[in-house]
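User: I would like to learn how to read features in a structural model. Can we go through one together?

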Amino acid sequence: MAEKIDKAERVTQNRVIKLFSKELGYDYLGDWELRGNNSNIEEGLLADWLKKQGKSDLQINKAISALKSAAGNPCESLYQRNKAVYKLLRYGVPINPEIGKPSETVQVINWNEPLNNHFAIAQEVTVYGKRQKRPDIVIYINGIAVGVLELKNSRKDLAEGIRQSLVNQQEDFIADFFTTVQYIFAGNDSQGLRYGTIKTPEKYYLSWKEDEQENSGYKLDKYLQKICDKRRFIELLFDFILFDGGDKKLPRTHQYFGIKKAQERIRDRQGGIIWHTQGSGKSIVMVFLARWILENNPHARVLIITDRTELDDQIKRVFTDAGDNIYQTSSGRDLIKQLGQANPRLLCSLVHKFGNKDKDYKEFITELEESPRIAHGEIFVFVDECHRTQSGKLHNVMKKMLPESVFIGFTGTPLLKADKQTSLEIFGSYIHTYKFNEAVEDGVVLDLVYEARDIDQAMSSPQKVDQWFEAKTSGLNDFQKAELKNRWGTMQQVLSSKSRKEKIISDIIFDFSVKPRLSAQTGNAILVASSIYDACCYYELFQKTPFKGKCAVVTSYNPQTGDINTEDTGENVETMKEAVYRIYTELLEDVIAEPGKTKTETYEDWAKGLFIKEPANMKLLIVVDKLLTGFDAPSCTYLYIDKTMQDHGLFQAICRVNRLDGDTKVYGYIVDYKDLFRKVNNAILVYTSELEYDEFDPQDCDIMLQDRLKAGKERLDNTLEEIELLCEPVAMPKSDLDYIHYFCGNTENPDDLKEKELVRSTLYKLVVAFIRAYANIADDMYEAGYSVAGVEYIKKRLEFYIKLRDVIRNASGEVIDLKAYESDMRHLLDTYIQADESRVISPFGDMTLLDIIVKSGMAEAIENLPGGNKASQNAVAETIENNVRSKIIKDHLLDPAYFARMSELLKEIIDLRKERAIEYEEYLNRMAELVNNVMSGRDKSTPKALNTHGKVALYHALGESAENEILAIRLDTAVKVSRPDNWRGNVAKEQVIKAAIYRVVNDKDQVEKLFDIIYAQNEY
């Protein structure tokens, strides 16, 4: 036993050499420790292989010379030399055989026939650079060193092997040797294998994941076989290496398999959706897949579509940095022009450029259908953030313009149930998914820690507020009074008081003083405000704090004088629009617009750049919607949310803080001021849930499309019929006066207005229903079965009834210009609404969102808390009981006594909840404590000396006392010392375990009980 645990590194190395030679079919070149002139380009091996390919001595000599020249260029960095060598490996070495003869290309690796290459390894390869170093194993293809493997003893961290290779790449050691190396491996028998490439920092070395259930041998051997299989290794070298603006990158497992799945679809000319969670490298997948398409189909062209200018610019930057020529269209006309010719083969465009402002939509669609095909070649369309760009007129135009194209949707967010139908119609089913929890487990992104903070607000003088309303509403009718009160209530919810904002600002400044990442000035934060006005107010308040000059506001607003032309109410006060205009004008006053940009764009780019590169000098960005998607800043550690959000928007926002940024950033932190836990829970649940992979039949889309449009047309026709019937009794000639008489009576008679109130209310509701029914199928009216005349009729009736509603509202006085009251109501908010200091109300402590929501089984348990009525609260209680109890039942055999107690505690909490004996906050506290206890298998009373699940379970079974604590430890030791290998299921070996138990407890009745617990523990 001791020899197996204590084996030397050379034992592992010998086994790995045998694996390469026997299992993978590589030639073993020998131990090269004492061999002189070891090189990353073994000329003899390469020359022999090239000769077998029929190359002449002249071709061979020139090819080797060109390779060595690129690898040994003293004027270039290791990155540049490696990139130059890789280009020659991938595309071949161009040579001029003789003067007057055309140049030709010599391939030094046969990419088309992987097995027609010479694969070999050598061990202990001594390399003489400025200082001598000796990699454990070097992998050669045709004599060219393409891989290096450093092995460590299983008792040592394989990170030592990574650091050893990083040292070897320094100029003071053997950097020259790594100019041809593509893959750098480090491994041992206890931790397995990790891989990177030249200059990859230790923290970014990757682990491969495949066939996780296969567990017959060492993970090191398993994944060397997976990656270094001859066919796959050639594929990885050819299709999956990226030089990205100074960084060389290799694929993560999910990227590789996502592309492989996409390749299968593309070969069958089928589309689909790739869902890879936020921050997992979706853009790199696009680059690899686009390259594969263009290289394997000479007629193919790839068009990448986004819906935002910043994403369009980002796509261009990613491809350009990767060395790919991509054409960014400047207009719709330019897009059509480029599609109509053979080149460029790689383009990017905004979806909006598929529109035509000068033509009616139907006319434009008809023209496209009747016109000859405008696109040259076979078009493959990548639609970025397809959950947003998957429907609408522009997408229909795009499908008509490119009728035979293959559409691949990319998204970092899953398609919600509401999107599923139209998603299948447009793209097809999911091609590949990589969910949030998978990315966290793989270390691709960080887990999130959630903290809810509550700031109580109270009205300091209700009497004065009532007096204000009485004074201001004395001349208004009932409808206008109700509208003003509704507006007041809305402002209380949407616009926080100045006092509340000041408390949040104090919170943020305090966090920057005490939270490690923030106080060290290596991390920064984003504050999400509920409106542009709120964002500007926050910014203005921050200018009176130490954050002055170190925070910025980034919104969609761009100040124009036209914004305030109709804002003056004559009250000599500032409206919200005027306040926003003033604040933006002041902050942009000293900004000098860069060429081709507005002042606002210049300011925004400056703020973003400083936020990413110098977090100490740009501590906080205040946003509303911008920067919550597609903005990657590894320094961003905290997200403060003061805005009601949900679904895609919420998940994309919270993922702004989950990017890796060194060892000091362990989690991303969400601070919630809007009681969004239920919605955060829902988002995380959706983004981690299993999907239904139904077999996808493209013909199903036609059925789904017809069903959706049939229902939409029926709803629109019925709504129009209802509103026409309502207006049928109006006297002829049905002028505006006739409609006023019918819906209002005598507008100077309050009794008439009151009598006609119900019919007016019905009109308003039906107009809203008519608008919604039309909007639901407005982009598909012709597909739904309407003729050209029918569509025109619907549009005219809609326009008529919208105008009629406005006439009736004005005539009845059921309209009020709230702008005149706006500043007064804001004054009330700031004067009479006082906020308390914030307090943390989420009781989950250091538990991450995945721990709370996914792993604990509470995902649906908290979903609807707090309930609105007793029935819903009871339903929630039952859900909690079912979810948490299922976890208890699942683990019951591991520790029967403990989980029986947990079950009783759960029942007690549920009973209290049903009896309404505890409030929501206390309920959360108790549930959080219970979940912690259930997840960890121990509570506060468990002795610290019991440091494994097995010891704890034995302690609970024996009875919780000081004596039994000692007895549990003795039992644990006795079992571990005496247990035979593979004892479970072997009656004779199980008796050995039972005998060891008996020797400790000396009680036959106890033996079987304790044996069952030991049997259930993996550690034994």
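User: How many of the 11 residues of helix α22 (residues 532–542) are buried?

Analyst: Note first that this is a predicted model. A residue counts as buried when its relative accessible area is under 20%. In α22, 9 of the 11 residues are buried, so the helix is mostly covered. The buried residues of α22 include Asp 534, Cys 536, Cys 537 and Leu 541. Tyr 533, Tyr 538, Tyr 539 and Phe 542 are also among them.

User: What percentage of the residues of the protein chain count as buried?

Analyst: The same cut-off of under 20% applies. Of the 1020 residues, 51% count as buried. The accessible surface of the chain comes to about 47,600 Å². Carbon and sulfur atoms hold 48% of that surface. The chain has 40 helices and 28 strands. Now take contacts between residues at least 6 apart in sequence: 72% of these join residues at least 24 apart.

User: Which strands stand at the edges of the open sheet of 7 strands?

Analyst: Start with the strand order. Here it reads β23-β24-β22-β25-β26-β20-β28, and the pairing is mixed. The edge strands are β23 (551–554) and β28 (839–840). Each has a single partner strand, so one side of each lacks a neighbour in the sheet. Helix α20 (residues 498–514) packs on this sheet and touches β20 (448–454), β22 (524–529) and β25. The direction of α20 makes about 165 degrees with that of β25.

User: How many bridges join β25 to β26, and do the two strands run parallel or antiparallel?

Analyst: Check the count, then the direction. Strand β25 (residues 636–642) and strand β26 (residues 668–672) are joined by 4 bridges. The two strands run parallel. For a residue-level view, find Tyr 638, which stands opposite Tyr 669 in β26.

User: At what angle do helices α28 and α30 pack?

Analyst: Read the angle together with the axis distance. Helix α28 (residues 736–744) and helix α30 (residues 757–777) pack at about 115 degrees, with axes 7 Å apart. Tyr 742, Phe 743 and Cys 744 make the contact from α28. From α30 come Val 759, Arg 760 and Leu 763. By class, the contact has 5 nonpolar, no polar and 1 charged residues.

User: Which peptide bonds to proline are cis?

Analyst: Look at omega. The bond from Asn 343 to Pro 344 is cis, with omega near 5 degrees. Pro 344 lies in the loop between α12 (332–339) and β16 (346–350). The bond from Met 732 to Pro 733 is also cis, with omega near 10 degrees. Pro 733 sits in the loop between α27 (698–727) and α28.

User: Where is Glu 124, the residue with a positive phi?

Analyst: Pair the phi value with the place in the chain. Glu 124 is not a glycine, yet its phi is positive, about 50 degrees. Glu 124 is in the loop between β4 (119–123) and β5 (127–128). With a relative accessible area of 7%, Glu 124 is buried. Now look at Arg 269, also not a glycine, with a positive phi of about 55 degrees. Arg 269 lies in the loop between α9 (253–267) and β13 (272–276). Its relative accessible area is 37%, so Arg 269 is partly exposed.

User: Is Lys 795 buried or partly exposed?

Analyst: Lys 795 is partly exposed, because its relative accessible area is 30%. Lys 795 is in helix α31 (residues 788–812).

Methods: Residues are numbered from 1 along each chain as its sequence is written. This is a predicted model: local features need pLDDT of at least 70, side-chain atom pairs count only at pLDDT 80 or more; totals for chains, interfaces and linings use all residues. Side-chain values use heavy atoms; hydrogens and water are left out. Axes are lines fitted to C-alpha atoms, for helices over the stretch in contact, and angles run from 0 to 180 degrees between N-to-C directions. Contact means heavy atoms within 4.5 Å. Ala, Val, Leu, Ile, Met, Phe, Trp, Tyr, Cys and Pro count as nonpolar, Asp, Glu, Lys and Arg as charged, and the others, Gly among them, as polar. Buried means under 20% relative accessible area, exposed over 50%, partly exposed in between (1.4 Å probe, protein chains only). Accessible areas come from the Shrake-Rupley method with a 1.4 Å probe; for residues, only the protein chains shown count as cover. Two strands pair if DSSP finds at least two bridges between them.
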